[in-house]
Amino acid sequence: MNPSPARIGLVVPSSNITVETEMPRLLGRHPDRSFSFHASRMRMHTVSPEQLRAMNAQRERCVLELGDAGVDVLLYACLVAIMATGPGEHRSVELSVAEQLAAGGARAKVLSSAGALVTALESIGARRIALVTPYMRPLAEQVVRYLEEENFEVADWRALEVADNADVGCIRGERVMDAARSLDLDGVDALVLSACVQMPSLDLIQAAEDEFGLPVLSAATAGAYNILRAVGARVDIPDAGSLLRADATVPSH
């Protein structure tokens, strides 16, 4: 008898149109677990330091709403909102959200897109990485510094410099791949094809991994990896990069 669907709570910027489509598509491929998705939104339109701070101030309301839904896992799904705040911020945010949920009697496991990316990179043993981001250059530089503070070497990176978050959700795959092809990937352990849960990349991950010959992940696949670990599910999702085949059965010969 299959267990009940795991309830996944998503705290998302109001202009995000990607994470609520990519995450169900990803986890919907799981061979033996099912999931339901429940989102609460924080107002944010322009990806600027001012709007990110204003958005973060709405977090407590969203956490209360998702606590009421009895979610099993809560994912704070805005990577740059955390990484732009300062080094190690994902740890303090995840702890604060967990404490808020516990105070209301909820027991959800708490994740963030920022922390999920760090954990996913560590899980595959990556230290030297390359990035594609949609952010304006000053915010992209903060993301690079954040990852360097987590002891990753960012060998090369690109900022597509799209300020409007709604436009980020419409960036074409060809533009993302062109940016990736322009990177110096010599000696790189992993490529983060989309360091943002709003920039679409799910349909690119496996093809990029095949083309570049190294692990390729995104904020979305890193989030999915951490959700599966949090609910004790096997990490075995096809056609989304080697990160999500961590527990796949190796065929015998």
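## Helices H1 and H11

The crossing of H1 and H11 is right-handed, a term used when the near helix is turned clockwise from the far one by less than a right angle. This is a predicted model, in which local features need pLDDT of at least 70, side-chain atom pairs count only at pLDDT 80 or more, and totals for chains, interfaces and linings use all residues. Residues are numbered from 1 along each chain as its sequence is written, and side-chain values use heavy atoms, with hydrogens and water left out.

Helix H1 spans residues 19-27 and helix H11 residues 219-230; their axes come within 10 Å and cross at roughly 50 degrees. On the H1 side, the contact (heavy atoms within 4.5 Å) is made by Glu22, Met23, Leu26 and Leu27. H11 contributes Ala220, Thr221, Gly223, Ala224, Ile227 and Leu228. By class, the contact of H1 with H11 has seven nonpolar, two polar and one charged residues, with Gly counted among the polar ones.

## Helices H3 and H5

An angle of about 50 degrees also describes the packing of helix H3 (residues 59-68) and helix H5 (residues 89-103), whose axes are 10 Å apart. H3 and H5 are therefore oblique to each other, and H3 passes H5 in a right-handed crossing.

From H3, the residues in contact are Arg59, Glu60, Val63, Leu64 and Gly67; from H5, they are Val93, Ser96, Val97, Gln100 and Leu101. The contact of H3 with H5 divides into five nonpolar, three polar and two charged residues.

## Helices H9 and H10

Helix H9 (residues 173-181) packs against helix H10 (residues 205-212) at an angle of about 25 degrees, with the axes 12 Å apart. That makes H9 roughly parallel to H10, the term for angles under 35 degrees. The crossing in which H9 passes H10 is right-handed.

Met177, Ala180 and Arg181 of H9 meet Ala208, Glu211 and Phe212 of H10. Four nonpolar, no polar and two charged residues make up the contact of H9 with H10.

## Aromatic rings

The structure holds zero aromatic pairs, where rings of Phe, Tyr and Trp (its six-membered ring) pair if their centres lie within 6.5 Å. Arg127, however, lies over the face of Phe152, at 4.4 Å from the ring centre; for Arg, this requires CZ within 6 Å of the ring centre and within 35 degrees of the ring normal.

Definitions and conventions. Phe/Tyr/Trp six-rings, centres within 6.5 Å; stacked < 30°, edge-to-face > 60°. Axes fitted to C-alpha atoms, helices over the stretch in contact; angles between N-to-C directions. Helix = DSSP H or I, 4+ residues; strand = E, 2+ residues; numbered from the N terminus. Parallel < 35°, antiparallel > 145°, perpendicular 65-115°, else oblique.
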